Amino acid sequence: MGELTEWRGFDLRPRLAKIQRAFARAEVTSADDIPILVNTPCYFAFGSTDKPPDYFTNPASMVDYQARGYEKHLHLVDDDYVPYFMPWFGTGVLASGFGSKVHIPEEPGDDPAVVEPLITSPADAARLKLPDPYRDGWMPRVLDAIDYARAYSDLPPGLTDMQGPLDTLGLMCGQARLFQWMYQEPQMVHELFELVTQAFIDWVKVQKQHIGEPLDCSNGLQGTVSPGAGVWESDDDLVLIDPGLYREFVVPHVSRIFTEFGGGSVHFCGNGTHHLENLLRIQNLAVVNNSPLGNFDAFAHLRKGLGTHATIQIQDASPVDPESYYPRLLAGVDDFRGIMIAMFVLDNAGMDNQGGYMPVNWDPYQVANRIVKSVREVVAKRLAGEADGRPAADGRRPSTVDHRGQPSAVGSRSSTEQVAALKEVRDRLIDFDGKGLQEAIRAALATGLAPFDIIIGGMAEGMSEVGRLYEAGEFFLPQLVMAGATMQEGMAVLQPLLQGAGGAAPVSKGRVVLGTVKGDLHDIGKNLVKLMLEGAGFEVIDLGVDVAPEKFVQAAQAHDARLVAMSALLTTTLRGMQQTVEALEAAGLRDQVQVMIGGAPVSREYADQIGAEGYAPSAVQAVAEAERLLRTTVGSGQ
Ligand code: B1M
C-alpha cells in the first residue's frame, strides 16, 4: 500500500502507528494510545447540510468535497484521522450489479439506495448472473471515481460501501422473503449466497486493482485506514436474524471473503450479542465495527465476549452529550486493547443516549473535539482504576421460557378435547408448521369449536406468544415472518367459513392504507405490520416505500379506508408523517380516517404532537392499536 504518511503538511505517522497498534491489539498504557477517528466530512449524505448537488454524478465534486473537509478537519480537530477518498454511492452498488434499481436521491441529504426487490420468485433467482463491474449497475461509477482520485487527487482511494452477502441478498430479495426462503428453499438460498459471495470477491479485487492496494490491507474501510484488514462487509441485517440461520447461511461465506483478503471487518448497527459465537466462528475476523446506538449493556457484553479476538471499532453517530455517553459506553470495558473510536459527526442530527436521533444545530468540528476529550478523559480514569459511569453490564440473557403453556383464552365451558385442540393449533403455529396447522384447525372444527374461537383461542394465542418471544429477544425477524406466513395458511382454511351468508366478501376488521413515508426506503418493519394486520383480519392496501402525503390521501379516498398507517425509520423523514396528517386534514378526511404511526424513531409523544390518534412500538402491538382505533370486534365487517 502506498501508505499516506504525510498529507498537505500534516505528519500522519504517529496516527498510523497508533492505529496499527490497535489492529495488533497491543497493550494500552495511556489514554492517548486509543485511536480516535472522527469523520466530520461524512462521505454519505445522510445528516449533511452542504453536499454539492452533483456529488453522486461528478467524481471531481465528490473528491473535492471530501478533500476540502479533511483539510479543514486536520486543522481544527485533535484526533487521529488519516484521510482517504471514499467512493460512496450508497448501499446498493453490488445489488445494482445484479440488476437492482437504485434510487437517485432528490434531496442533497439523501443517499442512493435500492428501491424495490429484484428477486421475487425462484425463477428470478435462477436467472441471476455474475455482474461485470465494467458494465453493470453503479459499479462503473465507483471505478470512475477511484480512477479520478488516483489521477487528479492527492488522496488515496479506498473501497466503496461493501454490503455483505446477507445484506445484499436482503436488498435484492427483500429481507422478509429471503428469511422465509431460508426455511422453505434452503438449497436455493445457499446457491444465492455462493453467487453473491463470488461477486463480492470479484468486485473487491477489481476495485483494489484500480486503487493499487494489496489484498490484505486498505487505504480505507468505512471511514478508517485499515492496516490490518483488506476488506469490510456491512452485516446490518445480522441484528434481525437468529443465530442458527446466520451460522448456516452467512458464516461460511464471510469466512471465505475474509480469508481471501487476509482479514476483514464486520459492521453492524445495534445489538448483535446473540451472534457472539457466530462472530467468533468467522475465520480471519480482524475487526468488529459496531454502532452500539446507546445500548450500553449490549456493548459491554460484546466486548467481554470477543475479548481481544478482534479489534473493536465504535462507530456511532455523534452523541448529543458525549460527556455522558462515553462514561456509560466504556463502563463495561476493562481491557482497552484493540478498542478504536471511529465516529461520524452529522451536521444536523445527533444521537441521544438511547440511540435515537434528534435535530441539532452545532459546529461539527467542536463536537469532534468534545468527543476526543470525553473519550480520553474516560479512558484515563479507567486506566487509573477509577470506576466511571454505570456499573458494567452483567451480560444477562433473557430467561428461557416454556413456549408450550396452556392457551389462556380458552373459555371455561370448553371441553378437555377442545382445550387440547386449541393447544395443538397454537403449537403448530409456533412451530411454523403450515400443513400441520391446517390439520389442527380441521380437527378443532370437528370438536365443535367455531372459527372465531379457533382464531382467538388458538391462532391469536400463538401469535401473542410469538410476539412475546420476539420482544424477549428469543425470536428474531425470520420467525416473525414465518409465523405471519403460517397464520395465513391457517386463515386459508378459516376464511371461507367466516364469509357472510350468500358468498359475501370475506370478513374484514377494517381497511388500512399502509406505507413508509416519503424519502424513507426502510420496509422491513412496515412489512411486518402488514403481515400482522392481515393475519389478524384487516384488509391492507400497501403503498410500499417512499410514499408522499398526497399518495396516502388519494389511497385513503380511493379505497374508502378507515385507517392510514405510516412507518418511518429515519429521523429525517419523520416530517412526512406530520405532512400526511396535514394533507388528510386539508382533504377534509380527518373525521373519517384515523392515523396510526410507528417505527424506531417514533414515540407516543411524537404521535400526540402531530395529532396522530395511534402509535404502536411493535408490529404485534400494531394489531391491538388498530383494533382500538377502529373499535372493531371480530366479525363486525367493513
Ligand atoms: Co438503515 N438506518 N439506512 N438501512 N438501517 C437504520 C434505521 C439506522 C438506525 C442505522 C444507524 O444509525 N446507523 C439509521 C437511521 C438513523 C436515524 O435517522 N434514526 C439508518 C440510516 C442512517 C440509513 C441510511 C441513511 C444509510 C445511508 O445510506 N447513509 C440509508 C437510508 C435509505 C433510505 O431509506 N432512504 C439506510 C439504508 C438501509 C438499508 C437499505 C441498507 C437497510 C434497509 C432494508 C429495508 O428496509 N428493506 C437498512 C437497515 C436494515 C437498517 C437497520 C440495520 C435495521 C432496520 C430494521 O429493519 N429493523 C437499522 C439499524 C438497527 O436498527 N440496528 C438502520 C427491524 C425492523 C423489524 O424494525 O423497522 O423498527 P423497525 O420496525 C419495528 C417497530 O419499529 C414497529 O414494528 C416493527 C416490528 O416490531 N414498526 C411499526 C415499524 N413501523 C411501524 C408502523 C406502525 C406500527 C409499528 O404503525 C403504522
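Predicted model: local features only at pLDDT ≥ 70, side-chain atom pairs only at ≥ 80, totals over all residues.
The protein is assigned domain 1 (18-383), domain 2 (403-504) and domain 3 (507-638). In the ligand, the cobalt atom has a single donor from the protein, namely His522. Between domain 2 and domain 3, about 1,100 Å² is buried, with a count of 0 salt bridges.

**Cobalt site**

- The donor atom that His522 presents to the cobalt atom of the ligand is NE2, at 2.3 Å.
- His522 belongs to the loop that runs between strand S15 (511-516) and helix H19 (524-535).

**Contact between domain 2 and domain 3**

- In the assignment, domain 2 spans 403-504 and domain 3 spans 507-638; their contact draws 14 residues from domain 2 and 12 residues from domain 3.
- Carbon and sulfur atoms account for 74% of the area of about 1,100 Å² buried between domain 2 and domain 3.
- General practice is often to express the size of an interface as the accessible area lost when the parts come together.
- Polar contact between domain 2 and domain 3 is limited to 1 residue pair, with both residues at pLDDT 80 or more, and the salt-bridge count there is 0.
- On the side of domain 2 that touches domain 3, helix H17 (451-471) and helix H18 (477-498) each contribute at least two residues.
- H18 provides the largest share of that side of domain 2, with 9 residues.
- By residue class, the side of domain 2 that touches domain 3 comprises 9 nonpolar, 4 polar and 1 charged.

**Salt bridges**

- The model has a count of 36 salt bridges.

Notes
Residues numbered from 1 in each chain as written. Heavy atoms only, no water. Donors = N, O, S within 2.8 Å, 3.2 Å for Na, K, Ca; no water. Helix = DSSP H or I, 4+ residues; strand = E, 2+ residues; numbered from the N terminus. Domains from an automatic or database assignment. Contact = heavy atoms within 4.5 Å. Buried area = accessible area lost by both parts, 1.4 Å probe. Salt bridge = Lys/Arg side-chain N within 4 Å of Asp/Glu carboxyl O. Polar contact = N/O pair within 3.5 Å; in protein donor to acceptor, adjacent residues only side chain to side chain. Nonpolar A, V, L, I, M, F, W, Y, C, P; charged D, E, K, R; others polar.
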